[in-house]
Structure formats: structure tokens, C-alpha cells
Amino acid sequence: LNKASQSGKKMASVEGICKDVGHVYSRLFDHRAALQGQQRFFVKEFETKRGFRECKRLEHIQGISKSCSSTLSQEPVASLQAQLELYKVKVDDLTKGLNSAMAGRNIDDIEKSCGKDKLNEEWQQFNDDLSEKRRQFDADLDEQMATARKQLEQLRS
């Protein structure tokens, strides 16, 4: 019984120490309460001292921006539409001119004027050169393989 009472006293003193340490910690390191108080004070001071002056200024600025956007946005749109109409007329004229120029010519004439025959000749020449180089490479490789086989036979015998 004596040991139980001594351990109970020790537990009570340990609990007291823990409470004191927690209290000291919260006072020294936990600043949430102080920060929340400062925030409340700032908001209250902002609302009382400034009143609705800031809101009135914002409403005034909003009204000015709406009036500017309504007047300014119509002028550029009208000028852009006028420019687009001019460009459309120019594109239509060019299309008509090209269509009339193309009407008198057939596709063979157009291909000839673009040099398609010359391109085909160059492509054929390129393919012929490539085939010749391939044949020459194959012949050289066959010759080297034959030489290697002879040397291998000489080494075996």
C-alpha cells in the first residue's frame, strides 16, 4: 500500500510537470491565438476606418471600364470588318484570275511547265546510279568472300 501511494504521488507530480511544460510551450511557441487576434483587429480597423470608401472607388472604376469597353470594342470591330471585306474582294479577284488562267490549259501543259519531265529524268538517273553502285558493291563483296574462302582452305590444309 505504501508503494502504491508513492507511485501515485510520482504520477501526480509527472502529470503536473507535463501540464506545466505544455502550458509553457503553448505560451512560448504557439502563436495562433495571437495571430488570430491580430487578424480580427486588422479586419475590424479596416472596416471601421475605411468604411465603404474602397467599395465606392471600385464601383466607379468598374463603371468607367464598362463604358470604355462598350465604346472602344465597337470601333475596332467595325474597322476589322471593313478590312476583311477588302481582303475578301482581293482574294475573290485572284481566284477568278487563276481560274481563268487555268481554264485554257490542260494538266499536261501545267506539268510540263513545272518541269515534271526533267524531275522524272533526274529520278531515273539517280535510280540507275544507285543500282550500278549496288552491283559494284555486290561484286566486290563476292570477290572478297572468294579470297577469304581460299585463305581459309589454305589454313586448314
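Trainee: What share of the 157 residues of the protein counts as buried?
Mentor: This is a predicted model, and the label asks for a relative accessible area under 20%. Applied to the 157 residues of the protein, that criterion gives a buried share of 0%.

Trainee: Which residue forms a salt bridge with D92?
Mentor: A salt bridge requires a side-chain nitrogen of Lys or Arg within 4 Å of a carboxyl oxygen of Asp or Glu. The closest N and O atoms of the pair that includes D92 are 3.2 Å apart, and both residues lie in helix α3 (residues 53-103), four residues apart, about one turn of the helix. The partner of D92 is K88.

Trainee: Is R135, which forms a salt bridge with E132, buried or exposed?
Mentor: E132 and R135 both lie in helix α5 (residues 116-156), three residues apart, with their closest N and O atoms 3.0 Å apart. E132 has a relative accessible area of 43% and is partly exposed. For R135 the relative accessibility is 52%, and because the cut-off for the label is over 50%, R135 counts as exposed.

Trainee: How much accessible area do F42, V43 and F46 have together?
Mentor: F46, in helix α2 (residues 32-50), counts as partly exposed at 38% relative accessibility. With F42 and V43, F46 forms a nonpolar patch on the surface, and their accessible area together is about 300 Å².

Key: Residues are numbered from 1 along each chain as its sequence is written. This is a predicted model: local features need pLDDT of at least 70, side-chain atom pairs count only at pLDDT 80 or more; totals for chains, interfaces and linings use all residues. Side-chain values use heavy atoms; hydrogens and water are left out. Patches are made of residues with over 30% relative accessible area and no salt bridge: like charges are joined within 9 Å, nonpolar side chains (Val, Leu, Ile, Met, Phe, Trp, Tyr) within 5 Å. Accessible areas come from the Shrake-Rupley method with a 1.4 Å probe; for residues, only the protein chains shown count as cover. Helices (H or I, at least four residues) and strands (E, at least two) are DSSP runs, numbered from the N terminus. Buried means under 20% relative accessible area, exposed over 50%, partly exposed in between (1.4 Å probe, protein chains only).
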